[in-house]
Amino acid sequence: MIVIDAEKCIGCGECEKACGFGAMSVVDGLARVDTNACTLCGACVEACPEESIGIEGTRLSGETSSGLSAWQGIWVAAEWRPTLGIAPITHELLGTACGLAAKQGTQVTAVLLGFGVTDHAQDLIRHGADRCIVVDHPELAFFTDEVYGNVLADLALTHKPAVILAGATPMGRSYIPRVATLLETGLTADCTGLDIRKEDGSLLQTRPAWGGNLMATIVCEGHRPQMATVRPYVFKPTNPDPDRTGEILSVIPKPEHLRHRVHVVETILEERKGPALQGACVVVAAGRGMESQENIDLVETLASLLGGAVGSTRAVTDAGWLPERTQIGQTGVTVSPKLYIGCGVSGAIQHVVGMQGSEIVVAINRDPTAPIFDVATYGIVGDIKEILPLLIKRIRAERG
Ligand SMILES: Cc1cc2nc3c(=O)[nH]c(=O)nc-3n(C[C@H](O)[C@H](O)[C@H](O)COP(=O)(O)OP(=O)(O)OC[C@H]3O[C@@H](n4cnc5c(N)ncnc54)[C@H](O)[C@@H]3O)c2cc1C
């Protein structure tokens, strides 16, 4: 919230000039803020020559980087959505967190925000959490990064976890940076590997860097909590243990953390044919080697025969042959199906980082030197327009 010191304000109007959102004005010789228009960008704070304007309440406490040892335990920010329940990424994060906690000799806490979610707490304990902190409130029924961010940051300041892990999903990518900012700590986004440094127990956070050409391992020195988002389907989920028990802690959020400027009016579920790409057991990916949009039918037919999902390379989505959501890779989604079939895919590193977790990789390419063959379990050298119809015919014949 913007605060104005009336003793210091001289009504010069510099704040009004600096504000790009029309939120500042001078009334009766004093600066005044319209909180509905204000985005807390801080331009007015910087512009004020009398230092009479400040931002209060953005940072939730005066915690600094000192006393790092007071921050203990590993938290998993559970992802709940009204239409889906607990998202699979939560179970993957719990699996990873359990492995890290065993190395550190510490505990795993799942933090669950939402409305009508308390019943899910036991599920999170069965999947590896030692404790579940539940904030079950009507204001959390719909996701807004303001409220979710404020509530999670406040919990972190109260309980002081050493590590917070969240999904690199649209939801995690949206509110976790806010939490890191409020806590004045670092955040490593899109991690594909996590470990514990033996010497001091720091979190080693590995992610692709420089266009996927190298893997960078990042450490958050001198600040806590250490925060990382992790791509879905990179880590394996834990198997639930029905006999596992743990503590469930219900927390009532502070009213000031429930205020938000974004109101969700309606949620519309996307309609799609076949299984979701992320999580599909079979993925048939189209590359530029499909040559034209008409030939994409072949990929769709093969995917449908195998009960799989259609994926693509960026070349294909750039060409508009398939929608962007089908793109696999560094700037797309990560998949780890049992079977991946790459059709006219060259195997650029930016694509491979998104599919290298596949169990069996079949590559079809007319160029025997294409890099995709380096990561393929089976390779077929030939023209896609000949190979795919043959494959489709054979599968149909096998099935009568
Ligand atoms: C910062 C950055 C991020 C990126 N992110 C992504 C990403 O997330 N995902 C992604 O996929 N790419 C990404 N890219 C692009 C990536 O570098 C490649 O350009 C892209 O993956 C190539 O797509 P492709 O394999 O379909 O096309 P190409 O590289 O053009 O390969 C086409 C292949 O098809 C073969 N072929 C041609 N005709 C036939 C035929 N008739 N039959 C059989 N084979 C045939 C060719 O031999 C060739 O190997 C990114 C690039 C950058 C710089």
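Setting aside neighbours within four places in sequence, L112 is in contact with A78, W80, V117, H120, A121, L124, C132 and V134; contact here puts two C-beta atoms, placed from the backbone, within 7 Å. This is a predicted model: local features need pLDDT of at least 70, side-chain atom pairs count only at pLDDT 80 or more, and totals for chains, interfaces and linings use all residues. Residues are numbered from 1 along each chain as its sequence is written.

## Nonpolar cores

L112 also belongs to the largest nonpolar core, which has 93 residues, and is listed with V76, V111, L152, L165, V284 and C343 as having the most contacts inside it. Such a core is a set of buried Ala, Val, Leu, Ile, Met, Phe, Trp, Tyr and Cys residues joined through C-beta atoms within 7 Å; buried means that 20 or more other C-beta atoms lie within 10 Å of a residue's own. Helix α5 (residues 145-159) gives the most to this core, 7 residues. Domain 2 (68-257) and domain 3 (282-398) both contribute residues, so the core lies between them; the domain bounds come from an automatic or database domain assignment.

A second, separate core of 9 residues includes A23, M24, A31 and I53.

## Around the ligand

Let's turn to the ligand. Of the 29 residues around the ligand (C-beta atom, placed from the backbone, within 6 Å), G287, G289, G329, S346 and H351 come nearest. Helix α8 (314-318), α9 (349-352) and α10 (384-398) each give two or more residues to this shell, and α8 has the largest share, with 3.

## The whole chain

Of the 400 residues in the protein chain, 40% count as buried.

Technical notes
A residue is buried if 20 or more other C-beta atoms lie within 10 Å of its own, exposed if 12 or fewer, and partly exposed in between; C-beta atoms are placed from the backbone. Helices (H or I, at least four residues) and strands (E, at least two) are DSSP runs, numbered from the N terminus.
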